[in-house]
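Let's walk through this one together, a piece at a time. Keep the model open beside the text and follow along.

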Amino acid sequence: MSGSTDIPGPERSAGDPMAVLNPTPAVGGSPVSLAPPTASRADPATAPEIKIKVRNLDVFYGTKRAVRDVNMDIAARSVTAFIGPSGCGKSTILRCFDRMNDLIPSARIRGSILLDGEDIYAPDVQPVEVRRRVGLVFQRPNPFPMSIYENVAYGPRRHGVSDRTRLDQIVEESLKQAALWDEVKDDFRRKSGLSLSGGQQQRLCIARTIAVDPDVILMDEPCSALDPIATQRIEDLIEELATTFTIVIVTHNMQQASRVSQTTAFFWVDPDRTGHLVEMGPTWQVFTAPKERVTEDYVSGRFG
Ligand code: ADP
Ligand code: MG
């Protein structure tokens with residue numbers, strides 16, 4: 001099915017910010033073994049509040065359908081991992097959640113995405129406000145060429161915070177929440193964000209996202225450019241952040257998905273290159289007792 005010409009969609013264009021971010025993902029990791037957890041804070045069974053509801057989502061680039069009929073509920077204050085082969089639409093779906101696809105001229109969506117029950121594509125919704133409530137952290141850390149302080153203050157300033165004391169407070173709190181404060185507290189006002197290490201830069205980008213007080217933080221392969229130690233720090237941070245924020249992380253690292261997430265969504269891509277959701281469930285279940293054969297093959301490192 002195609003016929004995307006009749007699909008209503010955003011008409012704004014501002015270049016393709018994703019062009020430089022196209023992933024060259026590693027092959028999925030080796031099998032992991034997980035036991036069903038005892039009920040925990042973030043277990044959807046005990047924390048049933050749904051932050052994002054996706055209904056019948058199709059995404060097109062021009063006439064090509066990249067994603068078909070995705071339905072999912074994303075639990076609040078927990079970590080949901082998106083896994084699946086390259087090209088199955090993981091980044092595309094993430095970009096729908098904060099309306100970043102609006103910035104890709106050929107992108108169109110059909111279906112609905114509800115954030116706290118409200119359709120983020122409704123005509124009266126401001127994309128800027130959606131992007132404040134739903135932050136996106138990219139694969140490659142991308143600090144602005146300015147001081148650490150200004151990187152974090154940038155968002156709040158744009159959203160109208162001008163009081164110096166309040167900005168100072170937001171910057172300090174955000175850097176603390178992103179587990180970067182201790183490393184930068186002596187020179188964050190003059191030191192450039194670009195002078196930090198890769199892992200620190202990624203935590204700075206997380207601080208920048210936190211600074212505008214979002215509900216949801218999306219992370220698209222946030223550790224794929226980082227070494228194992230920097231990766232570990234981000235994983236620890238994700239666990240902490242999930243007490244406050246709803247986190248969706250795309251990862252090609254099976255161990256990472258199993259370590260950080262409570263829920264896993266597995267996507268696959270048809271021979272015609274249309275991506276779709278195969279199954280979604282508690283992470284332990286998707287990895288140890290998946291419902292579908294294709295999931296089992298993928299998570300255990302057998303493809304096709
Ligand atoms: P993943 O993140 O799972 O690797 P993507 O969401 O990047 O998958 O891509 C899904 C499909 O959409 C692929 O076929 C890809 O080529 C296509 N696609 C992604 N971004 C664009 C774009 N800006 N323009 C056209 N096609 C795109
Ligand atoms: Mg991607």
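First, some housekeeping. This is a predicted model, in which local features need pLDDT of at least 70 and side-chain atom pairs count only at pLDDT 80 or more, while totals for chains, interfaces and linings use all residues. Residues are numbered from 1 along each chain as its sequence is written, and chains are lettered from A and ligands numbered from 1 in the order in which they are written. Helices (H or I, at least four residues) and strands (E, at least two) are DSSP runs, numbered from the N terminus.

Strands β1 (residues 50-61) and β2 (residues 64-75) run antiparallel, joined by eight bridges; two strands count as paired if DSSP finds at least two bridges between them. I50 sits opposite A75 of β2. Two residues lie between the strands, and G62 has a positive phi near 65°.

Now look at β7 (216-220). All five of its five residues are buried, where buried is 20 or more other C-beta atoms within 10 Å of a residue's own, exposed is 12 or fewer, and partly exposed is in between, with C-beta atoms placed from the backbone. In a regular strand the side chains alternate between the two faces of the sheet. Here both faces are covered: V216, L218 and D220 are buried on one side, I217 and M219 on the other. As for neighbors, β6 (residues 134-137) pairs with β7 in the parallel sense over four bridges, and V134 has V216 as its bridge partner. β8 also runs parallel to β7, with five bridges joining them, and L218 stands opposite V248 of β8.

On to the helices. An α-helix has 3.6 residues a turn, so residues three or four places apart point the same way. Take α7 (residues 228-241): its 14 residues reach 20 Å from first C-alpha to last, close to the 20 Å expected at 1.5 Å a residue (that is, 1.5 Å times one less than the number of residues). Which residues of α7 are buried? They are I234, I238 and L241. Because they cover an arc of only 70° around the axis, they lie on the same side of α7; the arc is that of the directions from the helix axis to the C-beta atoms. P228, I229 and E240, on the other side of α7, are exposed. The cover over the buried residues includes β3 (79-83), α6 (198-210), β7, β8 (246-250) and α8 (254-260), with contact meaning C-beta atoms, placed from the backbone, within 7 Å.

Helix α4 (residues 164-177) also has 14 residues and reaches 20 Å, close to the 20 Å expected. Its buried residues are I170, V171, S174 and L175. These cover an arc of only 125° around the axis, which puts them on the same side of α4, and they pack against α3 (148-158), α5 (181-184) and α6. T165 and R166 are exposed on the other side. After α4 comes A179, with a positive phi near 60°.

Next, ligand 1. Of the 16 residues around it, Y61, A66, K90, S91 and T92 come nearest; near means a C-beta atom, placed from the backbone, within 6 Å. Helix α1 (residues 90-97) gives the most to this shell, with three residues.

Finally, S300 lies in the segment after α10 (293-299). S300 is partly exposed, with 16 other C-beta atoms within 10 Å. S300 and T288 are 12 residues apart in sequence and 9.1 Å apart in space, C-alpha to C-alpha.

Notes
Contact = placed C-beta atoms within 7 Å.
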